[in-house]
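Dear colleague,

Please read them beside the sequence.

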Amino acid sequence: MSVLAKEQEEAFMKKLIAGNWKMNGDIDEARTLIADIVNGLYAREELLDTCKFLVCPPLLHIASVRHALVGYPKISIGGQDCSESENGAHTGDVSASMLLDAGCTYVIVGHSERRTDHKESDSQVKAKAQQALANDLKPIICVGETLEQREAGDALSVVEAQLKGSLPDEGQWGEIIIAYEPVWAIGTGKVASLDDIAEMHAHIRAIVGARVRILYGGSMKPDNAKEILAVANVDGGLIGGASLKAVDFIGIGRAA
Ligand code: PGA
């Protein structure tokens, strides 16, 4: 095994299991969900030693979740987006430094829902990732092809172009994470085949190198997580729907 491959294997022995709660739930539901996750995970501490767990609640619920996590440092908090600007006149936006101040250590940038709903471009996603790094947050940079792009045989080139446009300038990488999420697999119950996941993750690995964690996202559930997380170069999962139920979220950790 090469030195780099060995470094990578050691660094990512713990899979990252990241829950993206999206725009779901009120404050009481967020409190119940995080309490159930804490109780479930801290009752099986071996899980906390074999995986890293991250929850990304809606912005307004971050304070409640942080409060519930006092004394439970093995579960991290992340934002779902941050501004590409440092601060100032940007009504409705939230800066990376505010997320840090609120207790976040990670932030998702360039999720396909933001790329679609808010027309975010690769260069904006790159600026967001750079803001995150400048503020000591680990950006989870999302990429993924649409069904039409996959059917046209363009999945690898589309993702490569997205990555090249969205990655921070080299030399400023710090700790970045890539999430490969085929758009057609998000929230649909359809999952990419293991061969397609392996091919795409190997392709991404060749671009980002050994030291960058690569997550898979798209309809990951307890019953498919084991085989997906066992694919080479899959260093964890970004989980939407199944992260809203503590048993499913923890079940994915157990599968890992
Ligand atoms: P899903 O969402 O697990 O509901 O498919 C994944 C994501 O969008 O991060």
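Which element gives the most to the lining of the largest pocket? That element is α6, with 3 residues, where helices (H or I, at least four residues) are DSSP runs numbered from the N terminus. This is a predicted model, in which local features need pLDDT of at least 70 and side-chain atom pairs count only at pLDDT 80 or more, while totals for chains, interfaces and linings use all residues. Residues are numbered from 1 along each chain as its sequence is written, and side-chain values use heavy atoms, with hydrogens and water left out.

The largest pocket has a volume of about 690 Å³, a volume being the space filled by probe spheres set on grid points joined across faces, edges and corners. A pocket here is an open set of points on a 1 Å grid over the protein atoms alone, where a 1.4 Å probe fits and protein lies on both sides within 12 Å along at least five of seven lines; lining residues have an atom within 4 Å of a point. Of its 27 lining residues, M23, Q80, D81, R114 and H118 are the closest to the centre of the largest pocket. Two or more residues of this lining come from each of α6 (112-117) and α7 (122-134).

Among the 20 residues lining the second largest pocket, K22, G187, S219, G240 and G241 lie nearest its centre.

Around the ligand there are 13 residues, of which K22, H111, E181, G187 and S219 come nearest (a heavy atom within 4 Å). Polar contacts are pairs of N or O atoms within 3.5 Å. A polar side-chain atom of K22 lies 2.7 Å from a ligand oxygen atom, a polar side-chain atom of H111 lies 2.7 Å from an oxygen atom of the ligand, and a polar backbone atom of G187 is 2.7 Å from a ligand oxygen.

With regards

Definitions and conventions: Polar contact = N/O pair within 3.5 Å; in protein donor to acceptor, adjacent residues only side chain to side chain.
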